[in-house]
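Reader: I would like a close look at one part of this protein. Please take me through it step by step.

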Amino acid sequence: MKIGLMMGDVPGAKNASDSVDAIVAVETDGFDSAWFGQVFGSDVMTLIALAGQRTSRIELGTAVVPTYARHPFAMAQQALTVQSATQGRFTLGIGLSHAPVIEGMWGLSYDKPARHMREYLAVLTPLLTEFKVAYRGELFRTMGALQIPGATPLPVMIAALAPVMLKIAGEHTAGTITWMTGAKAIETHIGPKLRAAAAGAGRPAPRIAVGLPVAVTDDEAAGRARAGQIFQMYGQLPNYRRILDVGGVPGPAEVALIGDEASVEGQLRELASSGATDFFGAIMPVGDDAAGSMARTRALLKSLVGKI
């Protein structure tokens with residue numbers, strides 16, 4: 001299982017260069033990958049393109065960019081530019097986001113999200129692989145081609161938790177990117193449905209990239225209480241609430257990887273055994289020494305690269 005970190009704007013960053021410095025440090029530390037969520041901060045594909053100029057090995061991916069705010073033609077144009085800037089090390093992760101964001105914040109329709117994703121991929125995928133598209137559907141009617149210097153075909157993954165979305169992911173993409181999804185749900189729900197869909201479509205075995213909060217601490221109870229506070233909202237969003245229920249856990253605190261070094265390593269190995277091909281950790285602080293806590297967690301994850 002590849003091990004990476006969840007990245008984004010660095011706390012206290014003065015500008016984008018500070019965040020790029022942090023990405024460079026992830027490569028220097030030997031991690032396999034760095035993944036970036038697109039929420040309310042910087043445009044993460046811009047950060048990745050900048051980091052691509054200062055890195056040479058690490059995989060850089062989005063986890064994930066919401067689809068509704070970007071036409072698939074514009075998404076492909078930007079993604080292929082980033083692929084060129086990173087010398088072929090970019091993985092595009094996209095997702096539907098959530099109704100409160102799409103409807104409540106952006107004022108767009110979240111009606112029939114599965115249809116939206118199918119048609120979105122019908123436009124996006126040919127552009128990412130063949131650099132041209134001719135598609136007419138209910139939502140998109142797109143024809144055109146892209147000519148981006150240095151661009152090469154790149155993989156796309158989608159955030160998929162529900163059965164219909166997992167079927168789409170397996171049939172049409174390189175795999176799924178999950179958040180707040182524990183080992184039990186990966187083993188019994190995500191993996192079987194995703195692999196069956198990929199096999200039925202004659203596609204290679206799909207990737208399952210799992211993002212979870214992680215903290216190395218000697219006080220597991222305090223760590224889980226802290227995770228419950230920080231990530232409480234994810235237990236209330238319907239998409240995550242359903243996958244937590246599939247895993248048989250009451251909330252985000254129970255799927256976070258928390259404990260001492262031996263315990264967190266064991267939880268990571270359980271994830272790998274459940275079918276996860278990639279892990280990216282959202283390091284969270286526990287206790288009064290936030291910097292020391294996060295450094296301890298990072299040191300453990302760094303030590304396990306290539307060993308799980």
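Reader: How many residues does the largest nonpolar core have, and which have the most contacts inside it?

Author: A word first: this is a predicted model. The largest nonpolar core has 92 residues. Leu 92, Ile 94, Leu 124 and Phe 279 have the most contacts inside it. Helix H5, residues 113-129, gives the largest share of this core, with seven residues.

Now take Leu 92. Leaving aside residues up to four places away in sequence, Leu 92 touches Met 45, Thr 62, Met 75, Ala 79, Leu 124, Leu 128, Leu 154, Pro 155, Val 156 and Met 157.

Next, the strands. Strand E3 covers residues 59-62. Glu 59 and Gly 61 point one way from E3, while Leu 60 and Thr 62 point the other way. Why two directions? In a regular strand, side chains alternate between the two faces of the sheet. Both pairs in E3 are buried.

E3 has partners. Strand E2, residues 33-36, pairs with E3 in the parallel sense, over four bridges. Here Trp 35 stands opposite Gly 61. E2, helix H2 (residues 44-52) and E3 together make a right-handed β-α-β unit.

Strand E5, residues 90-95, also pairs with E3 in the parallel sense, over two bridges. Leu 60 has Phe 90 of E5 as its bridge partner.

Definitions and conventions
Residues are numbered from 1 along each chain as its sequence is written. This is a predicted model: local features need pLDDT of at least 70, side-chain atom pairs count only at pLDDT 80 or more; totals for chains, interfaces and linings use all residues. Side-chain values use heavy atoms; hydrogens and water are left out. A nonpolar core is a set of buried Ala, Val, Leu, Ile, Met, Phe, Trp, Tyr and Cys residues joined through side-chain atoms within 4.5 Å. Buried means under 20% relative accessible area, exposed over 50%, partly exposed in between (1.4 Å probe, protein chains only). Contact means heavy atoms within 4.5 Å. Two strands pair if DSSP finds at least two bridges between them. A crossover is right-handed if, with the strands pointing away from the viewer, the path from the first strand over the helix to the second runs clockwise.
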